[in-house]
Amino acid sequence: MSQATLDPRDWRACVAPMLDWTDRHCRVFHRQLSRHARLYTEMITTGAIIHGQMHRFLEYSEQEHPVALQLGGSEPDDLAQCARIAQQMGYDEVNLNCGCPSERVQRGAFGACLMNEATLVADCVKAMVDATGGDARMPITVKHRIGIDQIESYDYVRDFVGTVAAAGCQVFIVHARNAWLKGLSPKENREIPPLRYEFVHQLKRDFPHLIIVINGGLATNDQCLAQLQPGAVLPNVALDGVMVGRAAYHTPWMMAEWDHLFFGEAPREGYTREMAEAAIVDYTAAEMVRTQGLAHGEVRWPQVMRHVLGLYNGLPGARRWRQVWSDHKLKHHAVHEVMALAHQRPARAEAAEA
């Protein structure tokens, strides 16, 4: 069963799935900055969902929509079961990870090594599409690299996309680097293999009916916008969307412009960093009350606020503000009290002005 036609505008700007970072608290914070950005969970393995504490891994807040679940796995039946669970829980997308190069993931026979098994990936996609009835409200998508190890031929990624698309996948999120399965750490895999944006644009030219989103090395809004311009890399070719990872996490205020730049909304006049901070602090206080006494789910404010530390990057006073929010001696203080401390002016600055 194929999926219904999707709207490429839904993938115009996305925040990448990042292990240990894009948890539900991080996603709520990012939602304060953009109403329309597509947010992704950190990669969750099928085993963790089927055999672990399912709700601990899959719980999310309604305000996170549109939110996508990224799965790690390579067994079609397990992926189908997880896709059905995601559908029942109201996720907006299920994304299959075919790009992670870590050795731990390789031992599980999924991640980037799946690019060597395009037919298996197609079987996985078809199983998930069939399990969810081709529901356009929760499409099945794939995130992958442009190649593996020393395979640097465009034909390799073209054939992978063609095979998987035939199984019903309409959205491909392409990290524009090879994945080196041996000899490089995951961090080095994000930096050493060269970026080949032209491969991603070539995919859009060869598969104009597919939604192609580019990922890798995008650090500013100007760089992102350039990727979406017709003819930016290849004549008469424009990509459908961008996915930003570490830049969105470390300099999150860039996202405050996304609704205007990527989704056509009027500029968000008067919205400030302080307002975004106050919103996530209010959320944190509510979560601390809601989860109080839960054996494995009690929320402490450092769990949430660690995701916010880049909010004032580049501004005067940002270092001291981060120091306050990172001070574990304050972890038993009320979160609103810590926010007030973070914005107190140092005594020496007040004395200098006196």
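This is a guided walk through one protein structure, from its overall build to a few single residues.

Before we set off, note that the model is predicted, so to speak of local features a pLDDT of at least 70 is needed, side-chain atom pairs count only at pLDDT 80 or more, and totals for chains, interfaces and linings use all residues. Residues are numbered from 1 along each chain as its sequence is written, and side-chain values use heavy atoms, with hydrogens and water left out.

Let's begin with the whole protein. It has 17 helices and nine strands; these are DSSP runs numbered from the N terminus, where a helix is H or I over at least four residues and a strand is E over at least two. The C-alpha trace spans about 70 × 50 × 40 Å along the principal axes. A compact globule of 354 residues would have a radius of gyration near 20 Å, and the protein agrees with that at 21 Å. This radius is taken over C-alpha atoms, and the globule rule is 2.2 Å times the number of residues to the power 0.38.

How much is hidden inside? Of the 354 residues, 52% count as buried. Buried means under 20% relative accessible area, exposed means over 50%, and partly exposed lies in between, using a 1.4 Å probe and protein chains only. The protein exposes about 15600 Å², with carbon and sulfur atoms supplying 52% of that area; the areas come from the Shrake-Rupley method with a 1.4 Å probe, and for residues only the protein chains shown count as cover. Among contacts (heavy atoms within 4.5 Å) with a separation of 6 or more, 75% are between residues 24 or more positions apart.

Now look at helix α9, residues 197-206, which is mostly covered, with seven of its 10 residues buried. Those buried residues are Tyr197, Phe199, Val200, His201, Gln202, Leu203 and Lys204. Their cover includes the strands β6 (140-148), β7 (171-179) and β8 (211-215), along with the helices α7 (154-165) and α10 (221-227).

Next, some loops. Between α3 (54-58) and β4 (67-72) you will find Pro66, which is joined to His65 by a cis peptide bond with omega about -5°. In the loop between β6 and α7 sits Asp149. Its phi is near 50°, a positive value in a residue other than glycine, and Asp149 is partly exposed, with a relative accessible area of 27%. Asn236 also has a positive phi, about 65°, although it is not a glycine. Asn236 lies in the loop between α10 and β9 (241-244) and is exposed, at 76% relative accessible area.

Is a loop residue buried or exposed when we turn to Thr291? Thr291 is in the loop between α13 (273-290) and α14 (301-305), and at 1% relative accessibility it counts as buried. Leaving aside residues up to four places away in sequence, Thr291 touches Gly297, Glu298 and Val299.

The structure holds one cavity of 30 Å³ or more, and the largest cavity has a volume of about 40 Å³. On a 1 Å grid over the protein atoms alone, a cavity is a set of points where a 1.4 Å probe fits but cannot get out, and lining residues have an atom within 4 Å of a point. Grid points are joined across faces, edges and corners, and the volume is the space filled by probe spheres set on the points. Arg35, Ala256, Asp259, His260, Glu265, Ala266, Pro267 and Arg268 form the lining. By class, that lining has three nonpolar, one polar and four charged residues. Here Ala, Val, Leu, Ile, Met, Phe, Trp, Tyr, Cys and Pro count as nonpolar, Asp, Glu, Lys and Arg as charged, and the others, Gly among them, as polar.

Terms used. On a 1 Å grid over the protein atoms alone, a cavity is a set of points where a 1.4 Å probe fits but cannot get out, and a pocket is an open set with protein on both sides within 12 Å along at least five of seven lines; lining residues have an atom within 4 Å of a point.
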